[in-house]
Amino acid sequence: MDAKQEIIDYIETKEIPGALLLTGEWGCGKTYLIKEIANEYKENKENKEFVFVIVSLFGVESVSELQETVKKAALQTRCNVGEKASKLLETGIKVVKQVLPEQAKQLLSVNLFDAFDVESVIDADKLVLVFDDLERCSCQDKIALLGCLNDYVENKKIRVILVADETKIETSNDDKTYHDYKEKVICRTIKLESNFEAIIKSLIQQYKETTGGYSSFLSQNINMLYRVFSESGSSNIRLMKYIIADFERIYTEWEKTTISKDNMPFVLYTFAANYFKNRLPKVRTPLSKITSTGEIEQRFRLNWA
């Protein structure tokens, strides 16, 4: 069974014994896969049962900050409010405080998001909480963090999906670490072995072009893009997204000229190869050994002539 179906099975099962962990190398498409599944549920008119709330833990420093972030994301998802609304309310409170006596000011010294629980915004049995970037969370107390995540699953009966490169989760020198406690929270672990060819195809199909004809150009050269990605030795699909977006600027300027477009695929290949070479300087791959544009051209001609 592939990773996508495993995640869907977890979401649709009625008994939730713990959280699900989706792990894999940075840039391998974990977040992309989760968002793809969330969009499919959202767009499926026959199945409106589940509501996805996706939260990044990048930079979150405490459990209370995590809980507040979840509530804001739930409001944004369900009610189309959240960060802007909370800032507006907080600004209003600051203005009112300036004209109230000290005792009245104390009444307003409260976090607006303490007034409700996330399950009061979205029914727990319909909610799928996704915590992305677990390894980038700045919370020092990993045990308290896992305890909070476990509370969502065990006590609130909410489906929880954690997304992380587990190999990069730092643990303390205490006797009890993340790896000691994870089994109390995580009931299933899925390691993503990506179908990069399918992901690159999907990236191109969903790409929103600025210059007319660019998406068609990418589609015509999809095999070449996948080939250069494979040759790079990289598993970071995010770099391919950067390449596709950045090359559109070259394509746009080229379109303004009368220069023949026959060599544009070679330019894209060269651009992508150099991009990987510069962004992955320590990786020993065929592309990392290329030292000149001439060598890139020779490889391109051999492969695509």
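Author: A residue counts as buried with under 20% relative accessible area, as exposed with over 50%, and as partly exposed in between (1.4 Å probe, protein chains only). The structure above is a predicted model, where local features need pLDDT of at least 70 and side-chain atom pairs pLDDT 80 or more, while totals for chains, interfaces and linings use all residues. Residues are numbered from 1 along each chain as its sequence is written, and side-chain values use heavy atoms, leaving out hydrogens and water.

Reader: What share of the 305 residues counts as buried?

Author: Happy to start there. The share refers to the 305 residues of the protein. Those that count as buried make up 43%.

Reader: How many helices and strands does the protein have?

Author: Both kinds of element are DSSP runs, numbered from the N terminus: helices are H or I with at least four residues, and strands are E with at least two. The protein has 13 helices, and its strands number 5.

Reader: In what order do the strands of the open sheet stand?

Author: Two strands pair if DSSP finds at least two bridges between them. The pairing is parallel, and the order of the 5 strands is β2-β3-β4-β1-β5.

Reader: Which residue of β4 is the bridge partner of Val-130?

Author: Strand β3 (residues 127-132) runs parallel to strand β4 (residues 159-164), and 4 bridges join them. For Val-130, the bridge partner in β4 is Ile-161.

Reader: What angle does helix α7 make with β5?

Author: Axes here are lines fitted to C-alpha atoms, for helices over the stretch in contact, and angles run from 0 to 180 degrees between N-to-C directions. Contact means heavy atoms within 4.5 Å. Helix α7 (residues 178-185) packs on the sheet, where it touches β1 (19-23) and β5. The direction of α7 and that of β5 make an angle of about 105°.

Reader: Which residue forms a salt bridge with Glu-166?

Author: A salt bridge needs a side-chain nitrogen of Lys or Arg within 4 Å of a carboxyl oxygen of Asp or Glu. In this one the closest N and O atoms are 2.7 Å apart. One partner lies in the loop between β4 and α7 and the other in helix α7, so the pair ties together parts that are 16 residues apart in sequence. Glu-166 is buried, and its partner is Lys-182.

Reader: Over the ring of which residue does the charged end of Arg-136 sit?

Author: A charge sits over a ring if NZ of Lys or CZ of Arg is within 6 Å of the ring centre and within 35 degrees of the ring normal. Arg-136 is partly exposed at 23% relative accessible area, and it forms a salt bridge with Glu-135, with the closest N and O atoms 3.7 Å apart. Glu-135 counts as buried at 12%. The ring under the charged end of Arg-136, with its centre 5.7 Å away, belongs to Phe-58.

Reader: How do the rings of Phe-229 and Phe-276 meet: which kind of pair is it?

Author: Rings of Phe, Tyr and Trp (its six-membered ring) pair if their centres lie within 6.5 Å; planes under 30 degrees apart count as stacked, over 60 as edge-to-face and the rest as tilted. By this rule there are 12 aromatic pairs. Phe-229 lies in helix α10 (residues 222-232) and Phe-276 in helix α12 (residues 264-279), so their pair ties together parts 47 residues apart in sequence. The ring centres are 5.9 Å apart and the planes stand at 65°, so the pair is edge-to-face.

Reader: How many salt bridges does a search of the whole structure find?

Author: Some of them share partners: Lys-4, Glu-36 and Glu-40 are joined into one network. Over the whole structure, the number of salt bridges found is 12.
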